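Reader: I am new to reading protein models. Could you take me through this one, question by question?

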Amino acid sequence: MIGHDLIVDLGPRRYPVHVRRDARPELIERITAFAPGGRVIIISDDTVARLHAAPVADALKHKGLDAALLQFTPGEENKTLATVRRLYDDALAAGVDRQTPIIAFGGGVVGDVAGFVAATLLRGLPYAQVPTTVLAQVDSSVGGKTGVDLPQGKNLVGAFHQPKWVFVDVAHLETLPAREIRAGLAEAIKAAALADPTMLDRITARGHALSTGDPDALGEVIGRAIQIKADVVVDDELEAGRRAILNFGHTLAHALETATGYTELRHGEAVALGMRFAARLSTTLCGLDPQDVLRLDAALDACRLPADWARRIDDDVLAHVASDKKIHGQCIRTILLRAIGDPQIVPLPIPTFVRDARSLARSWTEEDSR
Ligand SMILES: NC(=O)c1ccc[n+]([C@@H]2O[C@H](COP(=O)([O-])OP(=O)(O)OC[C@H]3O[C@@H](n4cnc5c(N)ncnc54)[C@H](O)[C@@H]3O)[C@@H](O)[C@H]2O)c1
Ligand SMILES: [Zn+2]
């Protein structure tokens with residue numbers, strides 16, 4: 001449903017997620033109300049700035065607000081400390097003080113970078129998220145994880161810093177390339193697989209509408225996916241335990257992304273492959289019904305997400321699995337499913353994981369070639 005508010009109920013840090021369609025005037029009102037000192041810093045990337053953030057900044061200026069639009073070159077390769085450093089300079093030059101709010105206006109890269117600037121500049125500024133990709137709307141804008149990459153790996157520097165509010169407008173997705181829409185849907189499918197079998201089947205049924213950007217279909221699925229993520233975050237804000245289930249499909253995904261140098265696969269595509277693999281591992285390790293594997297496959301297929309997980313598992317990819325930062329001691333905290341909607345965190349020794357992955361991939365590739 002479009003036009004409703006969800007609450008991420010983190011006690012003193014509780015905040016609303018407004019889910020809307022075509023609601024630029026309301027966004028402008030909310031930013032104005034959020035900036036009682038009359039000054040606001042909007043952070044975006046060049047693409048989103050041109051398409052969406054600049055018109056909002058102009059409207060705010062027109063209303064007499066001192067709105068500074070800071071931008072950087074799009075792309076994961078710019079999710080760095082160098083970008084953060086430049087944004088500190090620009091924000092200080094714009095006259096930021098302890099009360100100046102920051103608006104993170106863009107995809108997940110902008111959200112993570114701007115959130116980190118807000119978490120650290122002047123020891124912390126209030127900020128809000130205006131996510132403009134499906135991935136950012138269903139996943140990265142909610143939950144308070146912020147940060148940047150290092151040459152040694154992704155997301156190695158960061159902070160937990162919850163936004164004061166999140167504004168999801170599905171109209172922002174109208175300019176998003178189809179491939180980005182489909183990749184983001186993988187995270188919505190993840191949410192459904194973890195918590196809501198009915199939603200999973202609904203995604204399968206509406207796969208065409210979703211992957212071609214139908215705003216009503218997207219609004220429904222995005223709203224439900226945010227609710228699922230919010231419930232998990234409320235249970236375990238700092239990822240002491242259960243929040244780890246959100247990494248379903250991500251162990252293999254991260255290894256695939258690293259092995260391919262982050263160029264070939266979008267994150268969501270890698271997650272799609274990782275979930276297909278994790279579901280199959282779940283049949284052997286926690287009794288997932290093979291019918292449920294097909295049910296997950298059907299949703300991923302309906303959103304035209306890649307399926308060739310087995311042929312991609314090779315020594316290089318498995319070596320990257322072993323160096324994942326989510327490893328505790330010598331075990332990989334693998335997220336498996338006992339059923340759709342019933343995830344389990346299973347610590348697997350690295351050699352066991354590697355052996356099982358290899359044999360699963362082998363038997364699957366053989367089956368494929370028969
Ligand atoms: N903090 C978290 O909890 C969390 C969770 C998941 C992912 N992430 C992070 O999110 C990042 C990926 O996010 P992403 O997939 O949104 O990537 P992204 O921010 O790079 O956006 C993808 C591309 O789409 C463009 N774009 C964004 N919105 C657009 C729009 N409305 N119209 C046209 N183009 C648009 C961007 O300029 C960019 O080129 C990764 O860095 C990942 O680590 C963070
Ligand atoms: Zn993800």
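Author: The answers below go from the domains to the ligand, then to one helix and some loop residues.

Reader: What kind of model is this, and how are its parts numbered?
Author: Residues are numbered from 1 along each chain as its sequence is written, while chains are lettered from A and ligands numbered from 1 in the order in which they are written. Local features need pLDDT of at least 70, side-chain atom pairs count only at pLDDT 80 or more, and totals for chains, interfaces and linings use all residues, for this is a predicted model.

Reader: How far apart do the C-alpha centres of domain 1 and domain 2 lie?
Author: The domain bounds come from an automatic or database domain assignment. It gives domain 1 as 4-175 and domain 2 as 178-369. Their C-alpha centres are separated by 27 Å.

Reader: Which element gives the largest share of the side of domain 1 that touches domain 2?
Author: Contact means that C-beta atoms, placed from the backbone, lie within 7 Å. By that test, 24 residues of domain 1 meet 27 residues of domain 2. Strands E1 (4-8), E2 (15-20) and E8 (153-160) and helix H5 (134-140) each give two or more residues to this side of domain 1; helices (H or I, at least four residues) and strands (E, at least two) are DSSP runs, numbered from the N terminus. The largest share, 5 residues, comes from H5.

Reader: How many polar residues does the shell around ligand 1 have?
Author: The shell holds 30 residues, and among the closest are Pro-74, Gly-107 and Thr-133; a residue is near if its C-beta atom, placed from the backbone, lies within 6 Å. H2 (46-62), H4 (108-120), H5 and E8 each supply at least two of the shell residues. Ala, Val, Leu, Ile, Met, Phe, Trp, Tyr, Cys and Pro count as nonpolar, Asp, Glu, Lys and Arg as charged, and the others, Gly among them, as polar. The shell has 9 nonpolar and 8 charged residues, and its polar residues number 13.

Reader: Where does H2 bend?
Author: The bend is the angle between axes fitted to the seven residues ending at a residue and the seven starting there. In H2 this angle is about 55°. A proline, Pro-55, follows within four residues of the bend, which is at Ala-53.

Reader: Is Thr-73 buried or exposed, and why?
Author: Thr-73 sits in the loop between E4 (66-72) and H3 (81-93). It touches Asp-45, Asp-46 and Asn-78, not counting residues up to four places away in sequence. A residue is buried if 20 or more other C-beta atoms, placed from the backbone, lie within 10 Å of its own, exposed if 12 or fewer, and partly exposed in between. Thr-73 has 10 C-beta neighbours inside 10 Å, so it counts as exposed.

Reader: What is phi of Arg-123 near?
Author: Most residues other than glycine have a negative phi. Arg-123 lies in the loop between H4 and strand E6 (127-131). With 7 C-beta neighbours inside 10 Å, Arg-123 counts as exposed. Its phi is positive, near 60°.

Reader: How does Arg-304 count, buried, partly exposed or exposed?
Author: Arg-304 is in the loop between H12 (290-302) and H13 (309-312). Phi of Arg-304 is also positive, near 50°. Because Arg-304 has 17 C-beta neighbours inside 10 Å, it counts as partly exposed.

Notes. Two residues are in contact if their C-beta atoms, placed from the backbone, lie within 7 Å.
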